[in-house]
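I would ask everyone to turn to the sequence and the structure on the screen.

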Amino acid sequence: MTDPSRIRNFSIVAHIDHGKTTLSDRILEITGALTAREMTEQVLDDNPIEKERGITIKARAVTLNYKAENGEKYVFNLIDTPGHVDFTYEVSRSLAACEGAVLVVDATQGVEAQTLANAYLAIHNNLTIVPCINKVDLPSAVPEMAREQIEEVIGIPAAHAALTSGKVGTGVRDLLEQIVHEIPPPQGDPDAPLKALLFDSWFDAYRGVTCLVRVRDGVIKKGTKILFMGTGQTAEVQEVGVFNPKQLVVPQLGVGDVGYVIAGIKELLATKIGDTLTGAERPTEQALPGFQDVKPMVFASLFPTESDDYESLRDAMEKLKLNDASFTFEPESSTALGFGFRCGYLGLLHMEIVQERLEREFNLSLVTTAPSVPYRVTTTRGEILEISNPVKLPDPQYIEKIEEPYILATIITKDEFLGGILALAEERRGKQVSLEYAGTSRAVLKYELPLNEVVLDFYDKLKSISRGYASFDYQLLEYRPGDLVKLDILINGDPVDALAFIVYRGKSQDKGRALVDKMKEMIHSQMFEVIIQAAIGAKIIARSTVKALRKNVIAKCYGGDITRKKKLLEKQKEGKKRMKKVGRVDLPQEAFLAVLRVD
Amino acid sequence: MNLPGAYLHIPFCAHRCTYCSFVALTGLEHEDRYHRALVREIVDRRAETDLPFDTVYFGGGTPSFVSPRLLEDALAALRGGAGIGKDAEITAEANPDDLDSARVDALRSIGVNRLSMGVQTLSDEELPWLERRHDAAGARRALAMATEAFPRVSADLMAGIPGQTRGSLAESLAGILASGVQHLSVYLLEIEKAPRLVALQKERPDLFPGDDELASFWEDVHRTATAAGFVRYELSNWALPGYESRHNLKYWTAQPTVGFGVSATGFDGRVRRTNTGSTNEYVKRVLEGQSAEAVRVELSEEEATRESILLGLRLHDGVTEESFGRVTATLSRGDRERLEDAREAGLLEFSRSGRVRLTEKGVLLSNEVFSAFV
Ligand SMILES: Nc1nc2c(ncn2[C@@H]2O[C@H](COP(=O)(O)OP(=O)(O)OP(=O)(O)O)[C@@H](O)[C@H]2O)c(=O)[nH]1
Ligand SMILES: C[S@@+](CC[C@H](N)C(=O)[O-])C[C@H]1O[C@@H](n2cnc3c(N)ncnc32)[C@H](O)[C@@H]1O
Ligand code: SF4
Ligand SMILES: [Mg+2]
């Protein structure tokens with residue numbers, strides 16, 4: 001067990017792509033956690049989806065040994081966090097296990113929206129912030145600009161901020177020294193009853209649930225009988241350890257330590273991220289505050305393409321939920337698509353990642369329906385309904401009013417793109433709150449916007465308008481009345497519940513038209529003609545037709561060809577399996593998300 | 001009795017056509033070694049069946065390009081053991097540019113009694129895309145010579161060639177029918193394994209007939225051939241009654257066949273065996289006394305019956321309702337639903353005589369039906 005005064009617990013936070021994971025690589029290297037041979041780029045992004053997309057989606061905690069310039073040895077618990085706004089929840093969980101945060105700012109980009117948001121998160125958690133200015137190896141780096149913006153936009157001193165390059169290693173030792181000297185050591189009572197925060201977990205078929213914890217008071221070791229205060233679950237610890245980054249069994253975890261606990265728990269609902277672990281025999285009196293339940297703001301349904309996979313999907317979701325507490329799901333049944341789940345996400349990227357993880361990690365084939373934000377409906381009878389699924393929207397004659405969520409968006413950009421961005425925000429029914437400048441050409445723009453106008457493609461539009469030089473963050477404000485209608489999509493005359501969505505009346509006509517045209521491109525010709533219609537109430541506002549397929553034939557087939565042709569048929573069939581059958585029509589995944597592809 | 005058929009692959013061509021991915025070498029450099037290896041393989045394996053072959057098929061590559069001695073010696077080797085039946089159908093594929101009277105005489109004298117002519121098209125605008133070595137006039141001459149000399153002649157016609165139209169296809173077909181052939185095979189141009197055509201399609205998509213057009217081509221061919229007295233006895237094959245390809249029928253009815261030569265495949269009802277696709281390796285292995293077999297797939301009972309339905313549906317007469325029902329009962333729910341949809345869409349027809357067959361529309365959409373059986 002390490003003397004807590006020699007422990008430093010910190011998260012690395014930043015805007016997306018500012019180099020957190022690369023900087024972590026260098027820290028792992030300097031502290032000797034990995035040999036040069038074991039080192040790869042962005043070692044901690046070890047999920048294949050992270051590697052492919054080049055972004056971090058899960059926070060990763062590692063325990064490292066650092067010998068400081070004063071000759072003393074320290075233990076660092078470093079948590080590398082994701083930068084994308086959809087994964088902010090990962091950042092807040094990580095911060096709760098730390099005393100400090102390293103705030104990385106890309107010297108070529110300066111302070112961006114998530115730099116600001118994550119810095120505020122750290123400040124709210126009373127953490128010590130150690131700023132560092134990164135990517136100084138790049139010719140376009142302007143460390144002075146970054147320093148000025150940290151001070152002006154965020155409002156923390158940055159005169160001594162380390163100038164680092166995660167790529168080539170410059171300045172990283174300076175940063176480590178600052179971590180030792182500026183971040184306070186953890187405080188806690190080793191003799192008090194065990195009190196540890198459960199801040200991440202995952203499921204393994206052999207060992208059950210692995211819990212990642214941060215110990216506040218007491219100790220935990222093999223044989224400790226533990227109690228999860230929130231769920232009431234008890235268990236006996238089988239193993240404790242740390243990740244360095246390889247899994248390493250240790251005798252015990254004490255005050256200030258960050259490590260894992262395995263207690264042979266196989267029930268998926270027995271543990272909950274944010275819960276407090278304590279001793280079953282001598283429990284602590286007061287549980288830790290835990291985490292506020294995150295409120296998903298984007299909802300979409302997931303259906304297995306093969307209806308037989310419904311139970312496997314439920315099981316997979318429960319397991320994934322252990323590792324990602326920020327998504328929610330509840331059973332749903334659709335007339336068109338059968339049994340599935342209505343899921344809540346923190347954003348579109350989150351939605352994509354969850355689907356991809358379910359498909360890859362649990363070997364499922366799924367379709368996702370069009371995303372929607374939650375609406376608040378007051379009925380003529382005075383009931384207030386929370387509608388996160390357009391299917392559930394009452395008929396217009398029973399609706400008194402519909403309210404939609406508004407956000408306060410912060411957009412940070414270069415002066416020169418302001419015009420285009422303002423036009424976009426106005427087109428999206430936005431209302432400007434403020435426009436300020438930081439430094440010479442940095443504009444900080446605040447807008448109130450209906451979330452409905454933002455979730456689908458606002459961010460992509462923003463990026464293209466600003467050629468990547470605008471960043472975006474948002475907070476929820478409140479619900480406000482909106483003139484909204486439900487747009488139904490009919491396939492061969494039957495409304496497909498899973499394709500319905502809610503839209504601003506003024507845009508419904510154009511949306512409907514664009515959507516049926518887009519869907520026509522996405523639905524391939526099949527045995528029957530496919531008629532796609534958009535309707536508001538009983539009124540059809542747009543229609544397009546996918547002509548019936550006329551030819552799908554393999555001519556001539558002899559001898560050895562049979563094997564080859566069967567392979568071709570199998571390939572065709574595989575393709576169909578990834579589609580969802582609605583009536584007689586095969587709908588590909590894209591068709592359900594066509595609404596994301598129209599302007 | 002189900003007498004076996006023999007397939008012999010002749011992997012040599014004078015020139016590689018743009019679209020083709022059959023195993024073949026350009027030129028005759030390796031002909032002698034291949035000649036020896038092929039004869040040796042036949043001698044070594046003739047005893048695999050103790051029945052006489054009642055069909056022999058020289059496919060390619062280009063059987064008409066190599067020395068007729070090669071084919072002659074191969075036939076002699078096949079005549080060992082249980083031999084070749086007295087009335088056996090002996091087919092050779094032939095390219096129009098190879099046929100002169102000497103070649104025709106030679107082929108006939110060694111016992112070939114059926115020619116399959118690779119015409120592809122009779123349009124001089126289309127032929128250059130294919131890089132064939134004959135022009136339309138040459139192909140017409142060769143067809144005339146073939147029908148003059150052989151009792152049975154088939155022609156390969158290709159649909160989907162860049163620049164092809166309903167009109168040009170009708171002209172090609174008319175020329176072929178006028179030559180007096182009794183059999184017609186129609187191929188849809190496949191370009192996946194032809195990089196130059198893939199590139200062309202990217203650059204000039206307008207040149208390539210679309211699916212709708214191809215469907216019309218198919219219907220046109222069927223109408224014209226039918227009017228000329230031909231029967232579509234298989235999905236892409238038309239013949240005057242009595243002139244069906246007995247050899248190819250063996251494939252579609254799961255009769256036994258033995259494959260000799262590089263890349264050749266044989267089937268005994270359950271096991272499908274294919275020789276190596278490398279000519280060099282084939283020759284080496286055979287001359288060293290080793291087997292040239294590279295792939296061996298044993299079909300399970302279920303796979304074999306599914307395949308028999310898939311192939312049987314390609315035939316004009318289809319399959320019995322009884323066997324169709326028996327096999328579909330073993331399919332997944334999704335596949336059975338698809339077959340139901342196909343029936344409703346008018347792709348499948350259940351006749352009063354208790355047979356299931358593809359309809360006119362079903363022929364064009366046959367993959368929608370077949371994919372249920374893989
Ligand atoms: N030149 C240079 N490039 C860097 C440096 N640090 C990171 N990069 C590059 O910047 C990109 C993003 O790096 P990451 O380390 O994945 O960034 P991140 O902050 O972890 O990204 P997220 O976790 O997705 O928010 C990669 O292409 C890196 O190679 C640096 O110091 N110098
Ligand atoms: C195996 S080839 C050999 C016949 C002979 N060498 C010839 O070219 O006529 C038999 C037939 O296959 C067809 N064929 C070859 N490659 C093809 C392709 N890529 N697409 C469609 N048909 C093809 C041609 O019609 C050809 O006549
Ligand atoms: S089509 Fe015939 S001639 Fe042309 S390359 Fe293929 S086998 Fe040889
Ligand atoms: Mg990262």
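To begin with the interface, 21 residues of chain A are in contact with 33 residues of chain B, where contact requires C-beta atoms, placed from the backbone, to lie within 7 Å. The side of chain A that touches chain B comprises 9 nonpolar, 5 polar and 7 charged residues. Here Ala, Val, Leu, Ile, Met, Phe, Trp, Tyr, Cys and Pro count as nonpolar, Asp, Glu, Lys and Arg as charged, and the others, Gly among them, as polar.

Please note that this is a predicted model, in which local features need pLDDT of at least 70, side-chain atom pairs count only at pLDDT 80 or more, and totals for chains, interfaces and linings use all residues. Residues are numbered from 1 along each chain as its sequence is written, while chains are lettered from A and ligands numbered from 1 in the order in which they are written.

I turn to ligand 2. Its shell has 16 residues, the closest being Tyr19(B), Gly118(B), Asp156(B), Tyr187(B) and Glu190(B); a residue is near the ligand if its C-beta atom, placed from the backbone, lies within 6 Å. By class, this shell has 7 nonpolar, 6 polar and 3 charged residues. In chain B, β4 (53-60), β6 (114-120) and β7 (152-159) each supply at least two residues of the shell. Strands are DSSP runs of E with at least two residues, and helices are runs of H or I with at least four, numbered from the N terminus.

In chain A, 8 strands form an open antiparallel sheet in the order β11-β10-β16-β7-β8-β15-β12-β13, with pairing defined as at least two DSSP bridges. Why does one side of β11 (234-236) and of β13 (247-249) in chain A lack a neighbour in the sheet? Both stand at the edges with a single partner strand each, so one side of each is left without a neighbour. Within this sheet, β10(A) and β16(A) pair over 3 bridges, and Leu227(A) stands opposite Thr278(A).

Technical notes:
Two residues are in contact if their C-beta atoms, placed from the backbone, lie within 7 Å.
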